[in-house]
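Open the model in your viewer and keep the selection panel at hand.

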Amino acid sequence: MSLLEVHNLTKYFGGLCANHDISFSLEKGELLGLIGPNGAGKTTLFNCICGYYPVTSGRVIFDGEDITHLRAYEVARRGLARTFQVYVASGDLNVEENVMVGAFMRNRSRMRARAEAREILKELKLEPLAQNLVSELPVAAQKRVAMATALASGPKLLLLDEVAAGLNPSEIDEIMAIIRHIHEDLGVTIILIEHVMELVMRVSQRVIVLESGRKIAEGEPQVVAKDPEVIKAYLGERYAKEQMETRT
Amino acid sequence: MEALKSAFDFSDFPRSDLIVAGLGALFILLFPLFPHSSFAMATMIQFLMFSLYGMGWNTIGGYGGQVDLGKAQYVGIGAYTTAVMLIRWDIPFWISMPIGMCFAVIWSFMIGYPLFRLKGHYFAIATIATSLVLLDLFQVWDFVGAARGLEISPIKYSPPDFWRLIFKEDIYYYYVISGFFFVGIFYINWFRNSRLGFQLRCIKDNEDVARSLGINVHWAKIKTYAIATAFVSMVGSFHACYIKNIEPEDTMSLDISILIALMAMLGGAGSLWGPIIGAGVLIPLKSYLKEWLGARAGLLGIDLIIYALIIMVISAVEPRGIWGVIERIRGKRGK
């Protein structure tokens, strides 16, 4: 049985079609990359899966249960955690407290939540920052805190929304190591939305490409990267044609 | 057990804070032993009452970031429940107070459920509206004395009556409210580090993130609003026995709602000591300004101008209030 199945998911905002008839499934233990140009509907797809937006039609099955019409917090409690593209941290929570909020999802005890949070901070090498305010951290560290918080809720599936955006190459390497660690050592299934191709192509086992709300390709990273449809979507029709001509 | 331990756990405050807090507590306990005027005593009781109102407000307004300007309606519910029960059926304070709290909490669910669909300023305005509606209802409701209000006449009872909370000397009232005050501090200390407290601070940060962590945002707000309400209603019941003469205008007016919120914001919303500091500054200021300026010079209302100025300065310089200023001087963050 697949961990996540998305059947013919369609989402309209008024007359604008953000996701059109998208279907895919995800096995336990997989690391799936979700790519596509800006405005392709990747984040919308996340929001539909997680219950942030009501879907226009289609179904989402998570771990054998239909979660299509559940609310966001109910979806989260079933073990589907996510991070956000823009992580706005304005408040008065420090890093450890922030991660504790995640840990509080599964237990009521403050002592245990704190112990779990410390464990995860250690795993993600955030320990030295534990007492800092999240809003005072650099972007790269904020994204790691967001991942740690999501992880603290003990998810079966983790949706990461552009965790590498705006980072420099060495920070991207760090994030990549963390993603691999979460996936391989902690055994969490992951879907990754990413613009940084280097990251997606290297860590994903499978990639889905969205363009204008439609799924245009799916497969192994190397294969998808050569798909003319995908090249067209990213680089434009003329470039794709030239590429095909030079290859033949 | 863990909850109790957590209520008495102040270990995350620096030692200097705890020393100041300890001295403050000692002062509160010993104050009646020093020579004092009855005016100073009344001011101290007001200070303790408003600290408690502020603590209640601080749960939803400070930790939760939902600015509530309708707390007076719960003062009214508490005060009227106690007064009506005592006058009509001779039900003593210690029974009517929890009943009043139940009424207030039920009312808070009824208005909290729809109101928390609103955000920011809209929520604040809606809380004012519900409070004013209740005020108008009480002004025409004969059962509770309509606009004339209710009077508890102490002659009927034989003070000191601990059971009904009818005393001649203020010192008894003083110790009852300071008992509430200390329980309130320990409760809030537990609350700020409880699961709900953490979830609330996350909600204030970012509601979408809160949802992604399995938090039912709407329900968490309603629950906290009920806690805030219970605090305010409890003190409202005390108010009825202490003042003995309650009118809708005195107990449920917009002034009281605003004063409660102001106090917590001035001291520092979202911090344990904030409401106490706020009440400690504003209440003596209010009493003495009224006494000195209002009565003598006939300049009624100048006290209001002065609060307005203070609030403008505070919100321009440091939105986290006096506590924020203290933390900034120390270069550390608020608790």
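Select β3(A) together with strand β8 (residues 189-193) of chain A: the two pair in the parallel sense over four bridges. Two strands pair here if DSSP finds at least two bridges between them. Helices (H or I, at least four residues) and strands (E, at least two) are DSSP runs, numbered from the N terminus.

This is a predicted model, in which local features need pLDDT of at least 70 and side-chain atom pairs count only at pLDDT 80 or more, while totals for chains, interfaces and linings use all residues. Residues are numbered from 1 along each chain as its sequence is written, and chains are lettered from A and ligands numbered from 1 in the order in which they are written.

Click on Gly33(A). Across from it in β8(A) stands Leu192(A).

Next, select Ile190(A). Leaving aside neighbours within four places in sequence, Ile190(A) is in contact with Leu31(A), Leu158(A), Leu160(A), Ile179(A), Ile182(A) and His183(A). Contact means C-beta atoms, placed from the backbone, within 7 Å.

Widen the view to the largest nonpolar core, which has 83 residues. Such a core is a set of buried Ala, Val, Leu, Ile, Met, Phe, Trp, Tyr and Cys residues joined through C-beta atoms within 7 Å. Among those with the most contacts inside it are Ile190(A), Leu192(A) and Cys202(B). Helix α5 (residues 139-152) of chain A gives the largest share, seven residues. A second, separate core of 75 residues includes Trp57(B) and Leu272(B).

Finally, show both chains. Their contact takes 27 residues from chain A and 23 residues from chain B. On the chain A side, the elements giving two or more residues are α2 (72-77), β6 (80-82), α3 (95-103) and α4 (110-123).

Definitions and conventions: Two residues are in contact if their C-beta atoms, placed from the backbone, lie within 7 Å. A residue is buried if 20 or more other C-beta atoms lie within 10 Å of its own, exposed if 12 or fewer, and partly exposed in between; C-beta atoms are placed from the backbone.
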